[in-house]
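Work through the exercises below with the structure open beside you. Try each task before you read its solution.

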Amino acid sequence: MSLFRSIDKKLEGLVEGGFGRAFKSSVQPVELAHKLTKEMGDHKTVGVSNVYVPNEFDVYLGTEDYEHLTSLADSLKGELSNYVTAFARREGWTLVAPPRIELHADGDLRVGEFGIATRTVSAPVDASPPADASAANASASAGPPMPPPAAAAVPGPGPLSDQTVLYQGPPPQAAAASVRTSPRAILRGREGDWALTESVTVLGRSRRCNIVLTDANVSRQHAEIRRQDDGFLLRDLGSTNGTRVNRRDVKQVVLQHGDRIELGSTELQFERQL
């Protein structure tokens, strides 16, 4: 029997997955499924003929939830991958490679709280060519995929509580704006590529940032990139190790195509899209 089919349907109305929980109870797989699909929608990139969505997801759980869910790790990750692929196919979104989902323990999170970081990572050059979601679904791991939910089954964000964890991704207003406007700039780095679709993009080590960098030399909220008219302004947020652009220390600077940004030991390249 499918893992998700054994979960009480009432869970779907408790938490949309994007803004924490109203009470202390363990994270349920159906909540992860809803949040993964929301993160795909919030971070899609509108191309010339395709809409691309993230295909790699790092799920951060409190210690107790992590220990509970890792006992189901292989089965759970397989079903979540199938679910994400089926949802993307239904929406007409394109995955550049089959989805990859990893679970991580985070001691800062309490029972019932979880965070998700996303990336878009192409398949290795010697692997099969990039495929859309329907092709990826055909090669998904064994076991019947969970049918994609009806659009009405995905509830909207609930009220914030004192246990709220803000996850990677823009608030609903920013998400709507990103759908209306194609991205005009991206950041490239070793951990992936990120489209700068929000009015303000925060970079740092905290799970609360729009772009999460796994670098111990990066501050929790290190820097931000703001859209200004037709340009992008990079501003340091009082980081411990500072921010450099093209090997020069900066507090704030208007970015130009090809600029090399250094945060801690992480280097990113800024590219304008015409």
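A salt bridge is a side-chain nitrogen of Lys or Arg within 4 Å of a carboxyl oxygen of Asp or Glu. Keep that cut-off at hand. The model is predicted.

**Exercise 1. Salt bridges**

Task: Find which residues are linked with Glu102 in a network of salt bridges. Then look at the pair of Glu102 and Lys77.

Solution: 

Step 1. Start with the total. The structure holds 20 salt bridges.

Step 2. Pick out the network. Its members are Glu56, Asp58, Lys77, Arg100, Glu102 and Arg119.

Step 3. Check one pair against the cut-off. The closest N and O atoms of Glu102 and Lys77 are 3.3 Å apart. A salt bridge needs a distance within 4 Å, and this pair forms one.

Step 4. Glu102 sits in strand β4, and Lys77 sits in helix α3. The two are 25 residues apart in sequence, so their bridge ties together separate parts of the chain.

Step 5. Glu102 is partly exposed at 26% relative accessibility. Lys77 is partly exposed too, at 22%.

**Exercise 2. Buried or exposed?**

Task: Take the salt bridge of Arg110 and Glu113. Decide whether Glu113 is buried or exposed, and do likewise for Arg110.

Solution: 

Step 1. Confirm the bridge. The N to O distance between these side chains is 3.1 Å.

Step 2. Recall the limits. Buried means under 20% relative accessible area, and exposed means over 50%.

Step 3. Apply them. Glu113 has a relative accessible area of 3%, so Glu113 is buried. Arg110 has 39%, so Arg110 is partly exposed.

Step 4. Arg260 and Glu267 meet at 2.6 Å, N to O. Arg260 is partly exposed at 33%, and Glu267 is partly exposed at 28%.

**Exercise 3. The nonpolar cores**

Task: Then list what Leu32 touches.

Solution: 

Step 1. Size the core. The largest nonpolar core has 22 residues. Leu32, Leu36, Met40, Val59 and Leu61 have the most contacts inside it.

Step 2. Find the contributors. Two or more residues come from each of α1 (29-42), β3 (56-61), α3 (73-91), β4 (100-105) and β5 (114-119).

Step 3. Zoom in on Leu32. Leaving out residues up to four places away in sequence, Leu32 touches Val27, Val59, Leu61, Leu69, Leu80 and Phe114.

Step 4. Look elsewhere. Another core of 19 residues lies apart from the largest one. Its members include Leu187, Leu196, Ile211 and Phe270.

**Exercise 4. Strands and positive phi**

Task: State which strands pair with β16.

Solution: 

Step 1. Take β6 (residues 185-189). β6 pairs with β16 (residues 266-272) in the antiparallel sense, over four bridges. Arg188 has Gln269 as its bridge partner.

Step 2. Take β15 (residues 260-263). β15 runs antiparallel to β16, joined by four bridges. Ile261 stands opposite Leu268.

Step 3. Check the hairpin of β15 and β16. Two residues lie between the strands, and Gly264 has a positive phi near 60 degrees.

Step 4. Now turn to non-glycine cases. Asn246 has a positive phi of about 55 degrees. Arg247 has a positive phi near 75 degrees.

Step 5. Arg247 is in the loop between β12 and β13.

Step 6. Asn246 is partly exposed at 37%, whereas Arg247 is exposed at 53%.

Definitions and conventions: Residues are numbered from 1 along each chain as its sequence is written. This is a predicted model: local features need pLDDT of at least 70, side-chain atom pairs count only at pLDDT 80 or more; totals for chains, interfaces and linings use all residues. Side-chain values use heavy atoms; hydrogens and water are left out. A nonpolar core is a set of buried Ala, Val, Leu, Ile, Met, Phe, Trp, Tyr and Cys residues joined through side-chain atoms within 4.5 Å. Buried means under 20% relative accessible area, exposed over 50%, partly exposed in between (1.4 Å probe, protein chains only). Contact means heavy atoms within 4.5 Å. Two strands pair if DSSP finds at least two bridges between them.
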